[in-house]
Amino acid sequence: MTIALNTHDVAEEITKRIPDAVEEVSNNYILVKGQSLYSVSQFLKDSPSLYFDYLNCIVGTDYIDYIEVVYILESYKHNSTITLKARAYGRDNPTLPSVVALWAGADFQEREIFDLLGVTFTGHPKMKRIFLWEDFEGYPLRRDFL
Amino acid sequence: MVQSLDTREEIIQVATQPYVLNIGPHHPSTHGVFHLRTVLDGEVIVDAEILIGYLHRGIEKLAETRTYTQVIPLTDRFDYLASMTNNLAYCLAVEKLAGIEVPERAQYLRVILAELMRASSHVMSLGFLMNDLGSLFTPLFLAAREREKMLDLFEMLSGQRLLYNFMRIGGVSQDATDLFLFKARQFVDQMPMYLNEIDQLLTENEVFRVRAEGTGALSAEDAINFSCSGPVLRACGVDRDIRRDDPYLIYDRFDFDVITCQNGDNYDRYRVRLGEIWQSLRILDQALRDIPSGEVQAKHPHFLRPPVGEAFSRIEAPKGELGFYLVSDNSIAPYRFHVRSSTLINLTPLSKMLIGWKLADAILTLGSIDIVLGEIDR
C-alpha cells in the first residue's frame, strides 16, 4: 500500500531547510509559495529520507482568484506519496517555475497546463501550445472561457 | 546477432544534409492521428519532435458541464481499445470523492472485466507491433481473432463492442448472467493455446529478435525520471505495479506475479506484455472461481453531490497508470476533471529513444510504446 506521508511532518522538514517556503498545510496537501517551488521540489527529490523520485502527475485548476497547480509526487524507494500545491496569481500572465530539470516527465504536462490554462512555466525548454494550434486565442480550461 | 549500432558512427562521419521527414498525421503506422517530425541524416534520426492534438476534443472541459454519471460515456473515448478500464478508473475516483462502498459481486465483476480488457488490449498491441515491423496481416489477424472472443464477451454483458459505458458509480450497470461467467471460464481455458501459438511464432523468431533486441532502449533511471508507467516502465526492470503496490478494488486477494525485464528495449516491452496476458488469465481464473452472488450496485442519490474537496485515484490500466483527478464544489457536475493520461506521459521519452537510431526502428519503437491517440489528445 502506498503510504500518504503526514503532510505536517514533511512541511516541518521543508521549513527547517527552506524557511518561509510553506504557505499552508492541510491534512492532504502542502501549499508552497510560487517562487520557492523549485527549491522545495529539489529538496523533496534529493533528501534521502523522502526521496520523491517519481512525479506522478501535474494538474492545474482555475479558481478565478488564482490558478492552482497540483504536483502528485511518489517515491518508488519508500512507496510513499505526497501532494504539493502552488498558486499562480493574475489573469494576464501567471507564472510558476518549471520542474522539468528535476523530473523530465513534467515536460508535456507543463505544456498542457500552459496550453489550456495559460500558466507560463519559467525555465521550461519549449514552452508552447501542445494540443491547440499556435494562434489559438484564450485558454479553454479557465472558468471564464465560454 | 546483427548489431545495427556498429554502423552508426560511420554514417554520422559522412554527414549528409539534414533532411526533414514528417511521419503522420495520417500514416498507417502511427496508430492514429499522430505526427512525428524527424530530422534525418541519411537514415539515422538526429532530431525528433512530437506533434499531437489532432484528436483533441476538449473532454476535460465538456465534463465540467455534465453530471457525474453523464461523464462516464465520455471516459470511454479516451483509450478506446480499453474503454472498460477507463470507466473503472473514473468510477473509482468518484467513489473516493463521495465515499461510496461498492458491493462485493460488483468488485469481482470489475476485476474480471478489467483483466479481460487488459488481455484484449495487449493482444491487439502485439498484433499491431508485428504489423509495424512489416509482418503484415498474419499476426494481426491472429490477434484480432482472439480479441473477437473477448469482444463477444463484452457484447454479451453490455450490448456494445467498443465503447461499453458499462461501469456505474457504485457498481456496474447490469449483473452478469451465468452464461457470461460460463463463457468467460471457457475463454480462460482456451486462451493458453493461443498464447502458446503466438509464443512459438514470435518470441524466438530470428527476424523479430534482430529487429527488436537493443532498439529503442530506455534505462531504469530515465524511465522513472520521465514518469513512465505500465509495461514501458516494467520492461526497464522497475518492479512496480499499482495492482500490487497500491491495491485498489480487491486485487490484494489474488495471487499473481509482476512481470519485469531488464533491458527496456522493444523486445522486452513485447515480452512484458505477453507475460502480463498470462498473469491476467491467472487473476481471471481466481476471480471466476471466487465470485459471490449478491447486489451489483450500491445505493446513492440520483444526482450525486460529493462534498467539497479533491480526489485522485489511479489504476493499472493496460497501457500504464491511468489516474483521474476530480475537484468537487458540491454541485452536480465536477468543478475540474483531469486525466493522468498514461500514454501521453509514456510518450515524453520518445524523442530520446529515437535519436541515434534508424528510421525503421522508430516505427517499431513507437509501436512498442503502444499509444492510443484518444487518450493522448483527450
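Analyst: We'll take a sheet in chain B, then a pair of helices. Keep in mind that this is a predicted model.

User: Sheet, then. What's the strand order in chain B?
Analyst: The order is β1-β4-β5. These three strands make an open sheet, and the pairing is antiparallel.

User: Which strands stand at the edges?
Analyst: β1 (19-23) and β5 (44-51) of chain B. Each has a single partner strand, so one side of each has no neighbour in the sheet. From one strand to the next, the twist averages 20°.

User: How many bridges join β1(B) to β4?
Analyst: Five, and β4 covers residues 35-41 of chain B. B:L21 has B:T38 as its bridge partner. For B:Y19, the partner is B:L40.

User: And how many join β4(B) to β5(B)?
Analyst: Seven, again with antiparallel strands. B:D41 stands opposite B:V44.

User: What do β4(B) and β5(B) form?
Analyst: A hairpin, with two residues between the strands. In the turn, B:G42 has a positive phi of about 65°.

User: Switching to helices. At what angle do α6 and α7 of chain B pack?
Analyst: About 170°, with the axes 11 Å apart. α6 spans residues 138-158 and α7 spans 178-203. That angle is why α6(B) counts as roughly antiparallel to α7(B).

User: Which residues meet there?
Analyst: From α6(B), they include B:L142, B:E146 and B:L153. From α7(B), B:F180, B:F187 and B:I198 are among them.

User: How do the contact residues divide?
Analyst: For α6(B) with α7(B), 11 are nonpolar, three are charged and none is polar.

Technical notes: Residues are numbered from 1 along each chain as its sequence is written. Chains are lettered from A and ligands numbered from 1 in the order in which they are written. This is a predicted model: local features need pLDDT of at least 70, side-chain atom pairs count only at pLDDT 80 or more; totals for chains, interfaces and linings use all residues. Two strands pair if DSSP finds at least two bridges between them. Helices (H or I, at least four residues) and strands (E, at least two) are DSSP runs, numbered from the N terminus. Axes are lines fitted to C-alpha atoms, for helices over the stretch in contact, and angles run from 0 to 180 degrees between N-to-C directions. Angles under 35 degrees count as roughly parallel, over 145 as roughly antiparallel, 65 to 115 as roughly perpendicular and the rest as oblique. Two residues are in contact if their C-beta atoms, placed from the backbone, lie within 7 Å. Ala, Val, Leu, Ile, Met, Phe, Trp, Tyr, Cys and Pro count as nonpolar, Asp, Glu, Lys and Arg as charged, and the others, Gly among them, as polar.
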